[in-house]
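Biologist: I'm new to this structure, and I'd like to learn how to read it. Could you walk me through a few features?

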Amino acid sequence: MQTTSSTTNTILDEISYSGLVDGESLHADGLPIRKLDRFVFMDKNKTLCSLEDQSAEITGIGTVTNPFHSTPHTISIGPILKWVIEYTQEAAIWIKTNQAWYQLNEVSEEYEQIFSKLFSKFLLATGIIHCLSENKNTSLEDLLTNVKTIHRSMGIRSKTSEIENKIIENEEFVRSQISRVYPDSENFPWLRELKSKTQKQKKITKKNENEEKLKKYE
């Protein structure tokens with residue numbers, strides 16, 4: 001995840017920025033497509049917040065560079081209507097406002113810590129989907145090994161056990177992202193293995209909790 005410090009340029013709103021530029025690429029819905037750098041997102045109280053905070057009306061500030069203008073512009077955007085992950089050759093996190101689509105590129109230094117949580121899940125999901133694109137019938141063991149290899153190529157060091165734990169911790173997110181690409185993903189062998197393993201762990205945890213309760217009354 002690349003980071004940059006925020007700029008001190010005059011801040012434009014989205015409509016004012018649109019009036020300055022021509023020749024922008026358009027999304028299928030007719031909105032301009034832009035890359036956003038040095039971004040931060042905040043709630044209505046101007047407190048930095050995660051894009052995953054569904055209770056907040058989120059706005060943002062970031063820097064946009066247009067191919068036809070060498071000078072980058074700092075703009076305020078929002079409210080954010082939604083955020084999505086695009087799983088193409090160049091996987092990316094996108095946000096949508098009423099005025100445009102924005103591909104999130106370099107995060108600002110002050111927002112890095114908050115964004116790192118979502119970015120970590122993004123890397124996990126994209127690694128899994130990359131593996132599934134090569135073999136949907138992979139086993140859990142092979143999937144974990146392949147995700148580990150992908151992450152290592154990006155400079156991320158982690159054990160297969162750590163990757164497995166992260167999948168379990170973010171199971172709902174992982175399943176929802178995979179089902180967007182593979183609607184039949186619930187039938188994948190590795191997911192069935194993971195479900196069985198998780199259920200066993202829950203039973204063991206429950207048993208241990210009950211034993212601890214009994215000890216208190218002995």
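This is a predicted model: local features need pLDDT of at least 70, side-chain atom pairs count only at pLDDT 80 or more; totals for chains, interfaces and linings use all residues.

Biologist: Which way do β7 and β8 run, and how many bridges join them?

Modeller: Strand β7 (residues 92–96) and β8 run antiparallel, joined by three bridges. Lys96 stands opposite Trp101 in β8. The two strands form a hairpin, with four residues between them.

Biologist: Which strand pairs with β7 over five bridges?

Modeller: That is strand β6 (residues 82–86), again in the antiparallel sense. Here Lys82 stands opposite Lys96 in β7. β6 and β7 also form a hairpin, with five residues between them.

Biologist: And which strand runs parallel to β8?

Modeller: Look at strand β3 (residues 33–42), which four bridges join to β8.

Biologist: How do I read the two faces of a strand? Are the residues of β8 buried or exposed?

Modeller: Check where the side chains go on each side. In β8 (residues 101–104), Trp101 and Gln103 lie on one side and Tyr102 and Leu104 on the other, and all four are buried. For β7, five of its five residues are buried. Ala92, Trp94 and Lys96 point one way from β7, while Ile93 and Ile95 point the other way.

Biologist: Now the charged residues. What is the general idea there?

Modeller: Side chains of opposite charge can pair when their charged atoms come close. This structure holds six salt bridges. One of them joins Arg34 and Glu24, whose closest N and O atoms are 2.7 Å apart. Arg34 lies in strand β3 and Glu24 in the loop between α1 (14–18) and β3, so this pair ties together parts 10 residues apart in sequence. Arg34 is buried at 4% relative accessible area, and Glu24 is buried at 18%.

Biologist: What is the salt-bridge partner of Lys96?

Modeller: Asp29, at 3.4 Å from N to O. Lys96 is in strand β7 and Asp29 in the loop between α1 and β3, so the pair ties together parts that are 67 residues apart in sequence. Asp29 counts as partly exposed, at 38% relative accessibility.

Methods
Residues are numbered from 1 along each chain as its sequence is written. Side-chain values use heavy atoms; hydrogens and water are left out. Buried means under 20% relative accessible area, exposed over 50%, partly exposed in between (1.4 Å probe, protein chains only). Two strands pair if DSSP finds at least two bridges between them. A salt bridge is a side-chain nitrogen of Lys or Arg within 4 Å of a carboxyl oxygen of Asp or Glu.
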